[in-house]
Amino acid sequence: MSQPTDLDSGEPASPVVNYLNHDRGVWSWLTTVDHKRIGIMYLVSVLLAFLLGGIFAMALRIELLTPDPTIMGANMYNRMFTLHGVVMIFLFMIPAIPGVFGNFCLPLMLGAKDVAFPRLNLLSLYLYWTGATLAVAGMIMGGADTGWTFYAPYSTSTPETLFPVLLGVFILGFSSILTGLNFIVTIHTLRAPGIGWMRLQLFVWAIYATSIIQVLATPVIGLTVMLVGIEKVGGFGLFDATRGGDPVLFQHMFWFYSHPAVYIMVLPSMGVISEAIAAFSRKNVFGYKMIAYSSLGIAFVGFFAWGHHMFVSGQSTFENGAFAVISMFVGVFTAIKVFNWVGTLYRGSIAVKTPLIYICGFLFFIVFGGMTGIAVATVSLDVHWHDTYFVVAHFHFIMVGAVIMAFLIALHYWFPKMFGRMYHEGWGMTAAGFIVLGFNATFIPQFLLGNAGMPRRYYMYPERFQALNVASTAGSSLLAIGFVIVLIYLVFALVRGKRASDNPWDSRGYEWLTTSPPPKHNFHETPVITQDAHSYQKPGEEVEHVVL
Amino acid sequence: MSSSEAHAAPGRGEPNLAHHFETQNQQDGAVRLGMWLFLGTEVLLFAGLFLGYTVYRNFYHEAFHEASRHLSLALGTTNTIVLITSSLFVALGYHAIKQGKEKACAVLLVLTILCALGFLGIKSIEYAEKFREGALPGKWYHFSEITAPGANLYYTVYFLATGLHAFHVIVGMSVLIWVLKGVLKGKYGPKNYVAVELGGLYWHLVDLVWIFLFPLLYLI
């Protein structure tokens with residue numbers, strides 16, 4: 001808890017050698033195998049992707065301001081929502097938390113010097129860059145109008161060039177698999193002395209569950225997009241009904257990955273929340289084991305729920321019922337987590353900081369989004385809501401509401417860890433207000449629109465839907481303003497922010513045991529952990545974590 | 001290699017411990033677990049094609065049955081034997097390097113690689129035959145002997161599955177060549193054989209996939 005670096009001159013001198021300054025130049029970054037630097041490079045990359053996807057989202061919202069064509073035609077609109085979907089899902093949400101914070105924090109939380117396979121880790125990043133470039137360039141130059149789902153037979157017969165996008169997604173899948181594989185092995189083999197399985201931080205448990213899904217589900221999407229590509233180029237007829245193929249088979253294979261993939265996106269978020277709730281309510285996590293096991297539970301049942309995307313595809317009533325029931329189990333596991341988080345907050349010593357605002361937002365979004373998830377998992381209701389804005393709103397409540405909140409929490413909570421600087425709390429709170437309110441204003445109208453019957457993926461609509469569409473667009477501009485504020489004060493903090501102490505939140509996470517920013521090999525000496533994770537038992541007392 | 005041997009690098013047959021591992025055991029465990037997970041992803045990659053096979057076999061039972069009779073059982077069986085033998089060679093090679101018999105290991109790896117080449121050769125004879133007959137996937141199908149609907153899908157699945165498998169044979173072969181180079185340079189020995197072990201594991205997977213493909217495509 002010392003503030004050693006502010007010298008009398010006021011110069012923000014940085015005499016301490018850390019992972020950021022031990023070696024300089026672009027080349028030293030591009031060839032690094034340090035998980036922390038790779039995490040930072042992921043951060044820059046996913047933020048660019050988020051900006052790109054956000055611009056397309058705003059274009060969509062502007063188009064939907066009026067019932068008639070506003071700024072683009074039908075085909076451009078189709079390309080825009082495809083770009084928005086592909087960029088946000090494959091380039092932002094899937095790699096965001098594992099790629100950035102998983103890479104940066106996981107080895108620190110395990111007391112390890114690096115991930116198990118550092119060079120493979122760098123390869124993941126390069127594969128991400130390759131896949132991202134291919135997908136984005138392919139979409140912008142060749143166009144892709146299928147939506148991010150690439151449903152056959154449309155995807156195999158559209159005149160647009162889809163192949164580079166499919167290849168991009170295939171390569172991104174490899175990146176995701178290698179990251180997951182690396183994390184699983186790291187968690188198994190590189191825990192510091194004293195960290196048994198029941199002493200893992202909850203973020204580690206969440207990343208572990210996520211990695212299992214990444215490793216087991218991603219190969220299937222890789223194969224599926226390749227089959228679509230082969231089908232389109234070679235006419236193999238696998239998904240083509242005129243040659244005896246079955247387009248529904250595509251849907252099964254696609255959702256076998258893409259349903260678990262939503263847990264690739266949301267499970268790491270849940271891990272972030274568990275960390276941050278403990279830190280900002282200064283209290284041991286309530287129900288540690290329940291939260292840990294429910295992550296595995298979600299990963300497990302997530303594999304058997306894919307059919308709920310296909311209630312209207314003609315699958316049997318029995319299948320529909322089975323998939324509906326299994327989907328609801330996800331709700332049970334999520335509820336276990338929510339109750340435990342609220343239990344952690346209850347009678348905690350709450351520190352009202354920016355991350356806490358987002359935590360409250362997250363809890364609201366996950367409950368509201370989760371309950372509507374139970375609603376759309378009910379077959380008789382889903383038949384009416386299918387392919388309407390109700391589903392769009394539900395999806396964004398969980399994916400944007402929960403994942404973006406968690407991403408922002410992680411960014412603020414670990415900002416001093418990563419860069420040794422503090423962001424401005426006042427601006428942080430202001431932006432959080434914009435984002436949480438703007439988010440509600442964007443997507444609550446979409447629930448109402450969907451319920452009133454407005455289908456998704458149309459650039460024109462009957463006039464009676466206009467008021468709610470305008471409300472949604474207004475909300476999205478609040479959201480955009482919020483993100484711009486975040487960007488400005490974080491960049492400012494990076495350059496001129498107040499220097500942070502090693503553990504500014506007084507957190508009990510193991511990642512805070514080393515200096516901030518950490519030295520090149522994370523710890524000056526391997527820590528020996530003698531306390532459970534998130535151990536706040538004696539408030540005000542220094543916990544003796546380490547025996548050096 | 002000679003220059004790196006001069007610099008403190010591991011000596012002949014000695015393991016190379018990366019900086020972030022504490023012990024050799026820990027590193028070996030990590031590498032093994034990584035390989036097993038990777039093999040898991042490979043199984044799931046093929047699982048999609050097996051799913052396609054199951055679905056279309058169910059749809060077009062007649063055509064699938066007829067089409068499988070048109071594959072060469074003799075060549076398929078020979079290839080199965082070739083692959084199983086190659087797996088035996090690679091397993092013996094692993095056994096040899098654990099006992100420090102570098103030469104035996106190298107010979108066995110060469111035999112494995114020759115088997116792989118043999119497999120690819122036989123497979124290409126089969127492919128050429130199919131191309132001649134016009135027993136091809138999807139829109140390219142113009143084979144006159146099977147009239148039942150869905151035969152084109154049989155050949156779609158056949159070419160996709162065996163093609164993906166052949167690609168894995170090539171990858172596996174390249175891995176084994178890389179391992180062989182290491183063996184010849186004296187990198188491996190009784191204390192450092194994990195690379196040989198993992199190359200062999202990968203080869204067994206390639207073999208195993210074929211053991212499932214063979215009965216599904218040729219026998220039933």
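Biologist: What should I know before reading the numbers?
Modeller: The model is predicted; local features need pLDDT of at least 70, side-chain atom pairs count only at pLDDT 80 or more, and totals for chains, interfaces and linings use all residues. Residues are numbered from 1 along each chain as its sequence is written, with chains lettered from A and ligands numbered from 1 in the order in which they are written.

Biologist: Chain B, then. How many helices and strands?
Modeller: Seven helices and zero strands. Both are DSSP runs, numbered from the N terminus: helices are H or I with at least four residues, strands E with at least two.

Biologist: What does chain B span along its principal axes?
Modeller: The C-alpha trace spans about 70 × 30 × 25 Å.

Biologist: How much of chain B is buried?
Modeller: Of its 220 residues, 38%. Buried means 20 or more other C-beta atoms within 10 Å of the residue's own, with C-beta atoms placed from the backbone.

Biologist: Where does chain B touch chain A?
Modeller: The contact takes 28 residues from chain B and 29 from chain A. Contact means C-beta atoms, placed from the backbone, within 7 Å. On the chain B side, helix 2 (24-59) and helix 6 (151-184) each give two or more residues. Helix 2 of chain B has the largest share, 17 residues.

Biologist: What classes of residue are on that side?
Modeller: 14 nonpolar, 13 polar and one charged. Ala, Val, Leu, Ile, Met, Phe, Trp, Tyr, Cys and Pro count as nonpolar, Asp, Glu, Lys and Arg as charged, and the others, Gly among them, as polar.

Biologist: Over to chain A. How do helix 3 and helix 6 of chain A cross?
Modeller: The axes of helix 3 (residues 74-110) and helix 6 (residues 163-189) of chain A come within 11 Å and cross at roughly 20 degrees. Axes are lines fitted to C-alpha atoms, for helices over the stretch in contact, and angles run from 0 to 180 degrees between N-to-C directions. That makes the two helices of chain A roughly parallel, a term for angles under 35 degrees.

Biologist: Which residues meet there?
Modeller: Helix 3 of chain A brings, among them, Phe90(A), Gly99(A) and Leu106(A). Helix 6 of chain A brings residues including Val169(A), Leu172(A) and Phe183(A). The contact divides into 13 nonpolar, five polar and no charged residues.

Biologist: And what does Ile409(A) touch?
Modeller: Val272(A), Ile273(A), Ala276(A), Pro355(A), Tyr358(A) and Ile359(A), not counting residues up to four places away in sequence.

Key. Parallel < 35°, antiparallel > 145°, perpendicular 65-115°, else oblique. Contact = placed C-beta atoms within 7 Å. Buried ≥ 20, exposed ≤ 12 C-beta atoms within 10 Å, placed from the backbone.
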